[in-house]
Amino acid sequence: LLKQKGETTMTTNNFFSFSRFSQIGCKLIIENKKATIMRLIVMFASIFTILCWIRYVNYSNAIDRGGFTHITDICGEYNLNAFIILIFAFGIYSASLMMEDLKTKVGKISVLTTPVTPFENWFARWIIHVIIFIAVYIISFFVADLIRVWIFKIAYAGSGLTISTLSLDYIIRQIDLITDGH
């Protein structure tokens, strides 16, 4: 098609435009801000409660057996298991929310009439519900573990137990052991 004098052309059906992508990402975050904050609070509280329960049971058993003086914390493996199980559980939940807007007729109309390509819409939701979720989960887990350490160091001050956080180095070493087959 030739452009006639004075006529402007508009490109349509671009596969990907970063400006549209960033706008839909911001729109999704802003529109679901309250629900997302509430889900983060529930996730953090669940992680904190599970970590405290695991440690309470293990530290109580250690004290009943006469206490331990370890160089490392006795619950490192339990924390690693909790980290892996919880990231899968919360990850599945987070991924299931990707297309939450499509549950109602109004939501479907809103999604279909937003001027973005389906790929941009899907990719923005994927970034939010998978990539950002993983980062937020790791931060939440380690903050909950740090708070748990502070509480348990006060509670078990004279017990002789070594109470420490789960280190990222420990997680990486365990993954290396699993992948190497040792």
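What follows is a list of stops, each with something to select and what is there.

**Before you start**

This is a predicted model, where local features need pLDDT of at least 70, side-chain atom pairs count only at pLDDT 80 or more, and totals for chains, interfaces and linings use all residues. Residues are numbered from 1 along each chain as its sequence is written, and side-chain values use heavy atoms, with hydrogens and water left out.

**Stop 1: the whole chain**

Show the cartoon. The chain has 6 helices and 0 strands. Its elements run α-α-α-α-α-α from the N terminus. Helices (H or I, at least four residues) and strands (E, at least two) are DSSP runs, numbered from the N terminus.

Now colour by accessibility. Of the 182 residues in the chain, 31% are buried. Buried means under 20% relative accessible area, exposed over 50%, and partly exposed in between (1.4 Å probe, protein chains only).

Among contacts with a separation of 6 or more, 80% join residues 24 or more positions apart.

**Stop 2**

Two packed helices are described by the angle between their axes and the distance between the axes. Axes are lines fitted to C-alpha atoms, for helices over the stretch in contact, and angles run from 0 to 180 degrees between N-to-C directions.

Select residues 33-64 for α2 and 76-96 for α3. Their axes come within 11 Å and cross at roughly 155°. The two helices are therefore roughly antiparallel. The angle classes are: under 35 degrees roughly parallel, over 145 roughly antiparallel, 65 to 115 roughly perpendicular, and the rest oblique.

The crossing of α2 and α3 is right-handed. A crossing is right-handed if the near helix is turned clockwise from the far one by less than a right angle, and left-handed if anticlockwise.

Show side chains at the contact. From α2, pick residues including M43, I47, I50 and I54. From α3, pick residues including Y78, A82, L86 and F90. By class, this contact has 10 nonpolar, 4 polar and 2 charged residues. Here Ala, Val, Leu, Ile, Met, Phe, Trp, Tyr, Cys and Pro count as nonpolar, Asp, Glu, Lys and Arg as charged, and the others, Gly among them, as polar.

**Stop 3: α2 against α5**

The axes of α2 and α5 are 9 Å apart, at an angle of about 40°. That makes α2 oblique to α5. Their crossing is right-handed.

On α2, the contact residues include L40, F44, F48 and Y59. On α5, they include F133, Y137, F141 and F152. The class count is 18 nonpolar, 1 polar and 3 charged residues.

**Stop 4: the rings**

Rings of Phe, Tyr and Trp (its six-membered ring) pair if their centres lie within 6.5 Å; planes under 30 degrees apart count as stacked, over 60 as edge-to-face and the rest as tilted. The count comes to 17 aromatic pairs.

Select F18 and F21. Their ring centres are 6.0 Å apart and their planes lie at 45°, so the pair is tilted. Both sit in helix α1 (residues 18-31), 3 residues apart, about one helical turn. Which is buried and which is exposed? F18 is exposed at 60% relative accessibility, while F21 is buried at 13%.

Move to F123 and W126. Their ring centres are 6.0 Å apart, with planes at 10°, so the pair is stacked. F123 is partly exposed at 24%, and W126 is partly exposed at 29%.

Finish by selecting F16, F18, F21, F119, W122, F123 and W126, which ring pairs link into a cluster.

Definitions and conventions. Contact = heavy atoms within 4.5 Å.
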